[in-house]
Amino acid sequence: MSIISAKKIKYAYPRKDDEGNETEPFVALDGVSLEANEGEFITILGHNGSGKSTFAKHLNALLVPDEGSVFIDGMDTSEDDYTLKIRETAGMVFQNPDNQMVSSVVDEEVGFGPENIGVPTEEIWKRVESALNAVGMYAYKESNPGRLSGGQKQRVAIASVLAMNPKCIVLDEPTAMLDPGGRKDVLDVLHDLNKRNGVTVILITHNMEEVTASDRVFVMDKGRVVMNGTPEEIFSRVEEMKSLRLDVPKVTILAHELKKSGLPLKDGILTSEELVREIMSLRI
Amino acid sequence: MELKTENIIYEYDSGTGYAKRALDGVNVTVRENEFIGLIGHTGSGKSTFIQHLNGLVKPTEGRVLWNGRDINSKDFDRRALRGHVGLVFQYPEYQLFETTVLKDVEFGPKNLGLSEEEALERAREALAMVGIEKEFYQVSPFNLSGGQKRRVAIAGVLAMKPDVLILDEPTAGLDPKGRDEILGRIAGIQKETGNTVILVSHSMDEIGEFVNRVLVMDEGRIVMDDEPRVVFSRLEELDKKGLSAPQITYIMRDLKKAGLDADTSALTVEEAKKSILRALKSPRGPY
């Protein structure tokens, strides 16, 4: 069953000129449709200003579409009665971990959400424990979030969302500010949650290497979905990706360049192992 | 030109139970015409270090020397130093504040005490360097795209004509094309002027492609200081420090392991391609 069903959504930001008069609104989403099944790992790519973040905000009713509809686990985001339930179902993690911390102790930070919706105390602590374990941060439960590294903060932010028992997590460039180690830790946690707990993951990123292990990729441009397929399918279209201000993983570019130089390699090679296998099979 | 740190130590919360050394004896000498990459995991001391280089932060111990003179001595003109050592912070577009692009870029040179005409000339030059066209001069910087804003903010520092330009993660949050544009411009400026650039980045691919010297920081110390191919050949050590190497390095290592005579010091797609084609054609290769 679809956990996310967005149908032809349109959204425009109102704009004002220097005198405060309303001018033509800025169309951020221009008919976006996306269906995600429960348990899928989906990546959304697109250049700055393509509408990715605006779309993400539609997935937990921070924004509601001007036209079209968004259903989260069968609930219409434009109906106010569902808003809180939708935010429990689809949790969000943003780019800058410092903007999302409210407490001075990690376990209180993670317990803040469940407490807010009236979960009984004993149950809160259970959830905090399992959420922190899931992201490998249990050892830091009594630490001050301000003293953690960027990657650790993002994992605490993910734990805070997990404590709400969501079916789906939406992450808007969660690794943009992290070092390579932090990036890897966050990605490992996401794939682990997806595989082991069946959590649906919607990941927005500019880092092409983070895309290769996802089930499906959506590419946005000018408020529309312009490509949609498996990472192999998307990254086979090297020139098209570049024309959209995007890129493909270095290993895919290398394979593409080698192919242009005459080596009979297949399209859409995504990992080093694949490339090595293909090159070594050229032995006569 | 020589910018040098002599055994600098910086301690937070000195004298309390929480005292922590952010810098623990850093010795670096920077000279003309270098393109330096500074890498290290979050909290390794990179940002604290670069803030010492233009006197924003004073070392607890040790000295920072500009052409042999201690920048933290009483008679040193630190305002003038900021014209020599320019620092572009992370997300510099948040610091744009003027009503037009041109005014924003002129602010730095005016602050250095230059005349209206000189400041205007400097601003025009700097904006041309980052590829911002004349038609944007009178536009509010807040009406530009993210990539354009960042380029204007960088121009604001370039307009001071620094001998050393330090950029703290200038490509964070930009799309791949935006990243290439900014780095391409910076590399072009570095070549053209022969000035020194220090690039702080978490992207090993950027570092591998652009710089000719890499500094690796860990726990407040410089633990490696060498050419990129030497630094990235120490892959296992980098891994342990929460860092990595360019993706090409990993691919070339895998190929070598599988038995191909691949050059494991290749850092870019172009170098890798040449090496693989050569290895495949050589008599000892698979063909």
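In the predicted model, the contact between the two chains involves 39 residues of chain A and 38 residues of chain B. The size of an interface is often given as the accessible area lost when the parts come together. For chain A and chain B, this buried area is about 3,200 Å², of which 62% lies on carbon and sulfur atoms. Three residues, A:Arg245, A:Lys250 and A:Leu254, provide 19% of the area that chain A buries against chain B, more than any other three residues.

Polar and charged interactions also cross the interface. Between chain A and chain B, 12 residue pairs are in polar contact, with both residues at pLDDT 80 or more. The salt bridges across this interface number 4. A salt bridge joins the side chain of A:Arg245 to that of B:Asp175, with an N to O distance of 3.3 Å. On the side of chain A that touches chain B, the elements giving two or more residues are α6 (180–197), α9 (250–260) and α10 (272–280) of chain A. The residues on that side comprise 18 nonpolar, 10 polar and 11 charged.

Within chain B, helix α3 spans residues 101–111 and includes the buried residues B:Val101, B:Leu102, B:Asp104, B:Val105, B:Glu106, B:Gly108 and B:Pro109. After α3(B) comes B:Gly113, which has a positive phi near 95 degrees.

Notes: Residues are numbered from 1 along each chain as its sequence is written. Chains are lettered from A and ligands numbered from 1 in the order in which they are written. This is a predicted model: local features need pLDDT of at least 70, side-chain atom pairs count only at pLDDT 80 or more; totals for chains, interfaces and linings use all residues. Side-chain values use heavy atoms; hydrogens and water are left out. Contact means heavy atoms within 4.5 Å. Buried area is the accessible area (1.4 Å probe) that two parts lose on being put together, summed over both. A polar contact is a pair of N or O atoms within 3.5 Å; within protein, one must be able to donate a hydrogen and the other to accept it, and residues adjacent in sequence count only if both atoms are side-chain atoms. Helices (H or I, at least four residues) and strands (E, at least two) are DSSP runs, numbered from the N terminus. Ala, Val, Leu, Ile, Met, Phe, Trp, Tyr, Cys and Pro count as nonpolar, Asp, Glu, Lys and Arg as charged, and the others, Gly among them, as polar. Buried means under 20% relative accessible area, exposed over 50%, partly exposed in between (1.4 Å probe, protein chains only).
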